[in-house]
Amino acid sequence: MNVEKILAIAGKPGLFELKLQTRSGFLAESLLDGKKITVGMRSNVSLLSEISMYTYSEEKPLADIMRAIAIKENEGPAISHKEDNNKLIAYFKEILPDYDEERVYASDIKKVLNWYNILQGKGLVSKEEPKVENAEAIKEEVVEEVTRGKAELSEAKVKKAPKKATKKEE
């Protein structure tokens, strides 16, 4: 699931896809109805990739929560965000059992489920782990760097080893 260009804009319903950046803001397309809007730099905009939710141990990225919902629902739609708060909270506990109940409100849960259903309707959710392109090549580079660093370190130790002094005979 790639939420890098998906935006939530304060005061506007639904989610938007970033299309084009301009001098005075940017152009976004609604995922609900496909209408394009211009958004000024003063608008309160959040990238979904930058949003996370509180748990008792850490902050969980929204993409991970969306993936957990996709796994539970087999990439199908989640329950409606218009359900009773108690149902929503019970459902969310199944998805994220250790979420911080004092800092995550029912309104936050509604928003996440609404966003998930919008993304699911557009085919933008996936239960698969995000894959890093050319991960094997990156791994080889890191291993090479580490071994080269070890070789350089041992070479530096040999060069710095103290030499034994010898007396010259006269």
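Which strands and helices cover the buried residues of H1? The cover includes strand S6 (52–54), strand S7 (59–61), H2 and H3.

## Model and conventions

This is a predicted model, in which local features need pLDDT of at least 70, side-chain atom pairs count only at pLDDT 80 or more, and totals for chains, interfaces and linings use all residues. Residues are numbered from 1 along each chain as its sequence is written, and side-chain values use heavy atoms, with hydrogens and water left out.

## Overall layout

The protein has four helices and seven strands. Both kinds of element are DSSP runs numbered from the N terminus: helices are H or I with at least four residues, strands are E with at least two. Read from the N terminus, the order is β-β-β-β-β-β-β-α-α-α-α.

Of the 170 residues, 26% count as buried. Buried means under 20% relative accessible area, exposed means over 50%, and partly exposed lies in between (1.4 Å probe, protein chains only). Contact means heavy atoms within 4.5 Å. Among contacts with a separation of 6 or more, 56% join residues 24 or more positions apart.

## Helix H1 and its partners

The buried residues of H1 are Leu-62, Ile-65, Met-66, Arg-67, Ile-69 and Ala-70. Two helix pairs involve H1: one with H3, one with H2. Two packed helices are described by the angle between their axes and the distance between the axes. Axes are lines fitted to C-alpha atoms, for helices over the stretch in contact, and angles run from 0 to 180 degrees between N-to-C directions.

H1 (residues 62–72) packs on H3 (residues 106–121) at an angle of about 70 degrees, and their axes are 11 Å apart. The pair is therefore roughly perpendicular; that class covers 65 to 115 degrees, while under 35 is roughly parallel, over 145 roughly antiparallel, and the rest oblique. The crossing of H1 over H3 is right-handed. Right-handed means that the near helix is turned clockwise from the far one by less than a right angle; anticlockwise gives left-handed. On H1, the contact uses Leu-62, Ile-65, Met-66, Ile-69 and Ala-70; on H3, Val-112, Leu-113, Trp-115, Tyr-116 and Leu-119. By class, this contact has 10 nonpolar, no polar and no charged residues. Nonpolar here means Ala, Val, Leu, Ile, Met, Phe, Trp, Tyr, Cys and Pro; charged means Asp, Glu, Lys and Arg; the others, Gly among them, are polar.

The axes of H1 and H2 come within 9 Å and cross at roughly 95 degrees. H1 and H2 are therefore roughly perpendicular too. Ile-65, Ala-68, Ile-69 and Lys-72 of H1 meet Tyr-91, Phe-92, Glu-94 and Ile-95 of H2. This contact of H1 with H2 divides into six nonpolar, no polar and two charged residues.

## Nonpolar cores

A nonpolar core is a set of buried Ala, Val, Leu, Ile, Met, Phe, Trp, Tyr and Cys residues joined through side-chain atoms within 4.5 Å. The largest has 28 residues. Leu-15, Leu-48, Ile-65, Ile-69, Phe-92 and Leu-119 have the most contacts inside it. Strand S1 (6–9), H1, helix H2 (85–95) and H3 each supply at least two of its residues. H3 gives the largest share, seven residues.

Another core, of six residues, lies apart from this one; Ile-9, Phe-16, Phe-26 and Val-39 are among its members. Back in the largest core, Phe-92 is one of the residues with the most contacts. Leaving aside neighbours within four places in sequence, Phe-92 touches Met-53, Ile-65, Tyr-99, Ile-109 and Val-112.

## Loop residues

Asn-74 follows H1, with phi near 55 degrees, and is exposed at 55% relative accessibility. Glu-75 is in that loop. Its phi is positive at about 65 degrees, although Glu-75 is not a glycine. Glu-75 is partly exposed, with a relative accessible area of 32%.

Val-125 sits in the loop between H3 and helix H4 (135–160). Val-125 is buried, at 9% relative accessible area. Its C-alpha atom is 9.1 Å from that of Ala-63, 62 residues away along the chain. Pro-13, by contrast, is exposed at 62%. Pro-13 lies in the loop between S1 and strand S2 (16–21).
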